[in-house]
Amino acid sequence: MDNLVRTPMTFWSSLNRSGMPVSDRGRSGFIFSNVFLHLHPARVHRWSLRWPTTWGLGIAALSAFLLTLITGVLLMFYYKPHPAAAYLSIKDIHFVVPTGRFIRNIHRWAANIMVVGVLLHMARVFFTASYRRPREFNWLVGMALLVVTLALSFTGYLLPWDQLAFWAVTIGANIAQSLRELTDAVGMTAFFDPGGLQKLLLLGSDQVGAEALIRFYLMHVMVLPLALAALLAVHFWRIRKDGGLARPADVGSRLPPPEGRVYPVFTEAPQKTYSLAAIVRGKTPAVGNGPENTVPAMPHLMLAEAAVFMLTFAACLALSLFLDAPLKEMANPAVPENPAKAPWYFLGLQELVSHSAFMGGIGIPTVCLVGLALIPFLDREEEGTGLWFGGPGGWRLALASFMFGSAAVLAVETVAINFGWIREWFPGTPQIVITFVNPGTLLTAAYALYSVWTVRRYDSTRAGAIGLFSCFIAGFLILTVIGVHFRGPNWGFFWSPSMWGGH
Amino acid sequence: MRQNKHLLLWTSLVLLGTLIWAAVDENFLRDWRRAQREARGKLAASERADLPSQVRQIVLAETGAVERCVSCHVGMALDGKEVPGDKVFGRHPNVIHDPARFGCTVCHGGQGTATLLEEAHGTAPHCPEALLPKRYAYASCGSCHAYQDVPARAGLETARAVFERSDCLACHRMDGRGGTMRPGGAGGLEGPALSRVGMLGYAPDWYAGHQRKKAAASSGPWRSSMPELTDEERRSLSAYLRTAVGAPGLVLAKSLFLSRGCLGCHKVGGAGGDDGPDLTAVGRKDPVLTPYARVRGPRSLENWFKDHFRSPGRVVQGSKMPLLSLDEREADELTFFLFSLRRADLPMSLWPKDRLCVERLGGREFASDGETLFGAFCSGCHGSAGQGRSYPGLETFPAVANPSFLKLASDRFLADTIRRGRPGRRMPSWGAALSDADIAELVKTLRRFGDSPFAGDSRPARWARGDARRGASVFQADCAGCHGPHGAGGTAPALDNQVFLEGATDSYLFRTVKNGRQGTVMKGFGAGSPGRRTLSDAEIEDIISHLRSWRKGK
């Protein structure tokens, strides 16, 4: 009987072994005795907690992912992945399922916020030079996460089975097939056709249909989320193993004195730190930097993370309340959308694809990804790690490169839009020439040359990387804006969608 | 840390507010909830409990489609609690098809799955189909039904006039009009309703019966309103009653379409020409593919149709459709008809008999007499009575009922021309669409229009023995001005057409050149006229031989 009376207390202490986090020890225990929190360090550096260090972008992307996960599971209760039923089940979700429309809007907005968050997070990591040794591998994991995020978003795009979905994915599948542009030129498509195989693997058929839908569904609700979760675990775990967030070498002199209310640090001298140093690579808190600048993760880091979580949730829900996720007419393979546009984050690529499907859809993205992946391995410098625009050239170089990148992309696009391209000047030019000489490849070459020039000028790979990355951002932004806003029927140029006419 | 605490507090509050607002929106502000609240407000307090707040829907057993229109229009079907007399919440008027079984959208259009006003009525962007304007509601009978053997417009107009004139509406009700008098005196019954008599049938000896009652009655409507009818008038009335199928105006509208020669260029259900778009399902025109850019007025299919009739070339750039010069009433009637071309995608097991007849068993929606056929297929170009037409910007269409032409043209020549057309010109070949009997009917109709039989020709088809070279120089001098240097046509018809050269006999050519064609600029060359020299018979023979030299692969 006594045991029964005491059950709530025993249950609580069995649940929460370290007791209330009132002491340093308790606070540490709060973190590392919790399976969900133990990826966090028990103590966190004050540098990491500054808002400008990260702007919370990674956590924002994570919270958006959690939102899509929760709402996605809810949507799965009603969604039916078959062409005959998919569109109607979305209509049902929109019109009759209680809060269905709200949930679907949240799913859609969270997905968009996740893409934006991941891209901004990558830009943050790059510009603070946080990818450097020993974090090279985590940069690669981050790139894998970017690719999976985009893939998740793209596979989700087909599921509503409306015109938007159908034709965007048709474009995507044709891009997958665009390797044929090369194999056709060499004349080997007949016996070796990797492009066609890619499309077949993607769609399970030669056009978007029931097979493609079930494939995309499976990828979207199972394979890719599991992959993303696994990669995320690695990503977070590596942050700790790589010694927390990157910070400048002279971090002590850059931080203001700690607030009076900061909890005292290491009241006893650490005994075991050095033996730990024998197995953990990198610098432990006790070596060099001293422990004064760390604070317990609970509550400092927890509060900061909770704030970012809540901010993302609130923004996402507020957007969902007022802006409905689009749903066009039911997919109709006989009536092509014109213009058929991919999701906005692919429209920069689609703009390049309009010049050459292979280069825009496969060639240039591959070059970009390889280039990004190489950055931490080429840049072995130490100057400016953990600082915004750290390294030679600084923000001036970043700004100048951004200007150059914008000017180059605008120039190339202006020529292509006003005067056409080689085909218009010399009809009969073989496709292989256009594949290798088109606005996209010229732009890539210009950016590469510019980057080489910056490396020479500053005698620093970091400077070259800043130049290249800023150009890349400028190109991505401007091409995306052109694709979203200035392209109309038949991918023609229009100053505003109201001038499309006929539609 | 303090900043973060504040941020956490405020964002949490915003989040909480958003969730509360979403809950309020979900539970009180949905369009269908508002509508049901309004309906409840109009009910007596004791009846309100009969109308619980819930989504209501019709599930169509045959197609499995779901329609939620009754979520707002609570009284229309499914034993909802109706607000008597209310336009939105009242009961559906009594029509042949029960909405609970047939659903709403099959007749009214719109989006059945929706529970939001704009989406349900199809005014929101990307709705597949907008609500059909209420006055066109009967057009949607055409979603499933066909109507066979629509008579010619003129006859139908006369029949309607006879019906109105004969005072039938005194005792009978039709399409919501009439039936004010009681033939049996005070307390008597009105005459049977005639709105659907075309389907339900009526006694063939109705006229004799009426006359007997008239003879028996001493006063009242039987004496005052029942007229004596001639046989002709009774035939007209029968024709008119046959069109009373519960869809007021639909058959009449169809007859207008069929009298304007639209089928000459447009196909409907497989019959018709190829110059214009197929109209079989034009009433469901995809809003995405409909060019609205140059349409004046509101963006609706109704307005698109009407504006297109007013000026086809403005609405659809490059349109070859001539200006029809319809008055507003006709434009409205034609719009009504176009809305009836909706062809619902139903499994064939659900098709009504009439549609099966038309689409599978070779039945036709138009009658097969020559007048109707000419109206449907020919009048668009050749005029309502074969008088020819010229539309601005298009070539002149020949007057096929010209007496001096008909006198020279044998029935065989006419039939052959209709059957094979004029390859390369606007005149298509009708051999596939029209049977030999139809074509014979058309020839007879032409003869009737022109009031001239074939004059006869005792000579063989080819007798001219002229010199083609001499003919060529005469042709250049006297014919090329209008017919073109190589006979390809100009202001005058083309002469190098192979079907024409094959069918036209020498006598036909000879007499046309010699005597000219009355009512056109082609004056006879046999007698001199100012500014034009007289050709001898030999010269005409030379020209004929020259024309024959254009015939390929003799």
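## Helix packing and surface features of chain A

H5(A) crosses H12(A) in a left-handed sense, where left-handed means that the near helix is turned anticlockwise from the far one by less than a right angle, and right-handed that it is turned clockwise. The model is predicted, so that local features need pLDDT of at least 70 and side-chain atom pairs count only at pLDDT 80 or more, while totals for chains, interfaces and linings use all residues. Residues are numbered from 1 along each chain as its sequence is written, chains are lettered from A and ligands numbered from 1 in the order in which they are written, and side-chain values use heavy atoms, with hydrogens and water left out.

**Exercise 1.** Describe how H5(A) packs against H12(A).

Solution. Helix H12 covers residues 210-241 of chain A, helices being DSSP runs (H or I, at least four residues) numbered from the N terminus. The axes, which are lines fitted to C-alpha atoms over the stretch in contact, with angles from 0 to 180 degrees between N-to-C directions, lie 12 Å apart at an angle of about 150°. H5(A) is therefore roughly antiparallel to H12(A), since angles over 145 degrees count as roughly antiparallel, under 35 as roughly parallel, 65 to 115 as roughly perpendicular and the rest as oblique. Contact, meaning heavy atoms within 4.5 Å, involves Leu62(A), Phe65(A) and Met76(A) of H5(A), and residues of H12(A) including Tyr217(A) and Phe236(A).

**Exercise 2.** Describe how H5(A) packs against H15(A).

Solution. The axes of H5(A) and helix H15 (residues 297-322) come within 9 Å and cross at roughly 55°, which means that H5(A) is oblique to H15(A). This crossing of H5(A) and H15(A) is right-handed. Among the contacting residues are Ile59(A) and Leu66(A) of H5(A), together with Val308(A) and Phe313(A) of H15(A).

**Exercise 3.** Classify the packing of H17(A) and H21(A).

Solution. Helix H17 (residues 357-378) and helix H21 (residues 439-458), both of chain A, have axes that come within 10 Å and cross at roughly 10°. H17(A) is therefore roughly parallel to H21(A). The contact is formed by Met359(A), Ile364(A) and Val367(A) of H17(A) with Gly440(A), Thr441(A) and Thr444(A) of H21(A).

**Exercise 4.** Locate the partners of the salt bridge between Glu413(A) and Arg487(A).

Solution. Their side chains meet at 3.6 Å, N to O, a salt bridge being a side-chain nitrogen of Lys or Arg within 4 Å of a carboxyl oxygen of Asp or Glu. Glu413(A) lies in helix H18 (residues 394-419) and Arg487(A) in the segment after helix H22 (461-486), so that the pair, 74 residues apart, links distant parts of the chain.

Notes:
Helix = DSSP H or I, 4+ residues; strand = E, 2+ residues; numbered from the N terminus.
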